[in-house]
Amino acid sequence: MIAMLASRRVAPYVFMAPVFLFGFVFFVIPLGFSAYISLTEWNSTGFPRWVGLANYTQLIAHDPFLLSSLLNTFYFAFGMIVLGVPTALILAYVISRSRFSGVWRSIFWLPMITNLVAVAYIWKFLLADTSGLLNRALDLLGLPGPNWLTNPSLSMLSVIVVAVWVSLGHNILLFATGLNEIDESYYEAARIDGAEPLQLFWHVTVPLLRPTIVFVLITNFITALSSFALMLVLTEGGPARSTTVTGLYMYEMAFSDLRLGRASATAYILFAIILLISLIQLRILRRGGVNAY
């Protein structure tokens with residue numbers, strides 16, 4: 001009897017052991033090693049040389065590129081929010097009221113299941129200065145084509161547009177799920193009171209969809225803060241470092257300059273910023289988010 005009870009108590013841990021082992025090997029050990037490396041000077045050869053908090057001090061107090069990369073990161077994140085979330089919300093609302101809503105959702109979802117690097121190369125071909133399809137189309141119309149990716153004032157905006165296009169399907173799916181949860185009786189009552197389509201959207205859909213909107217805003221903002229693959233392929237951080245976000249700056253330090261200690265410290269600084277923002281957003285969400293509506 002005792003052996004049976006003991007086996008019942010131990011059995012769950014036996015089944016969960018592979019998960020714990022996987023998490024320890026691929027999460028805890030790399031996290032601890034990167035934290036140690038951030039306190040050293042190392043170029044991937046030889047043994048790391050302990051420098052303490054020197055990497056953090058150098059980055060925060062003496063590295064002007066870190067500040068500029070952080071500004072670019074927030075520019076990119078806010079741009080994705082301002083352009084991407086309203087566009088996805090409007091499209092989801094229109095699609096949910098169309099005859100072939102499932103087909104349209106599938107079409108918009110396709111970029112999400114396509115390799116991001118492949119998508120970036122396609123857009124790089126479309127936005128090329130002289131040979132790009134977009135500028136060729138503008139040339140046929142007699143319009144001058146701007147330098148989408150090589151003009152410092154346009155390059156980040158171009159990257160933001162591509163990022164919005166990539167994430168559109170995911171956001172539309174989230175909004176469509178929220179829209180399906182809204183009872184049609186709310187719309188019927190508003191129509192009886194004489195509400196027009198725009199009034200239905202603004203005074204019925206948006207308030208009832210607010211928890212989903214908050215969730216999409218938070219997840220998109222956090223994802224944007226850690227993005228760099230699009231910039232790496234489309235612009236390589238240029239021109240004049242106008243699209244060098246913190247993730248890309250960290251990548252360059254680690255794999256181009258082989259300053260692994262400095263790159264690890266940059267990663268933890270970015271992690272601390274994302275964690276702080278996430279905690280603030282979570283507190284706002286708990287105060288006035290899902291439970292408030």
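Residues are numbered from 1 along each chain as its sequence is written. In this predicted model, local features need pLDDT of at least 70, side-chain atom pairs count only at pLDDT 80 or more, and totals for chains, interfaces and linings use all residues, while side-chain values use heavy atoms, without hydrogens and water.

The structure contains 12 aromatic pairs (rings of Phe, Tyr and Trp, its six-membered ring, with centres within 6.5 Å; planes under 30 degrees apart count as stacked, over 60 as edge-to-face and the rest as tilted). The pair of Phe33 and Trp42 is edge-to-face, because the ring centres lie 6.1 Å apart and the planes stand at 90°. Phe33 is partly exposed, at 44% relative accessible area, whereas Trp42 is buried, at 19% (buried means under 20%, exposed over 50%, partly exposed in between, with a 1.4 Å probe and protein chains only). Tyr268 and Phe271 are also edge-to-face, with 6.5 Å between centres and 80° between planes. Phe74, Phe78 and Phe221 make up one aromatic cluster.

Helix α7 (residues 155-180) and helix α10 (residues 210-225) have axes that come within 10 Å and cross at roughly 155° (helices are DSSP runs of H or I, at least four residues, numbered from the N terminus; axes are lines fitted to C-alpha atoms over the stretch in contact, with angles from 0 to 180 degrees between N-to-C directions). Helix α7 is therefore roughly antiparallel to α10 (angles under 35 degrees count as roughly parallel, over 145 as roughly antiparallel, 65 to 115 as roughly perpendicular and the rest as oblique). Ser167, Asn171, Leu174, Phe175 and Gly178 in α7 are in contact with Thr212, Ile213, Phe215, Val216 and Asn220 in α10 (heavy atoms within 4.5 Å).

Note on methods
Helices (H or I, at least four residues) and strands (E, at least two) are DSSP runs, numbered from the N terminus.
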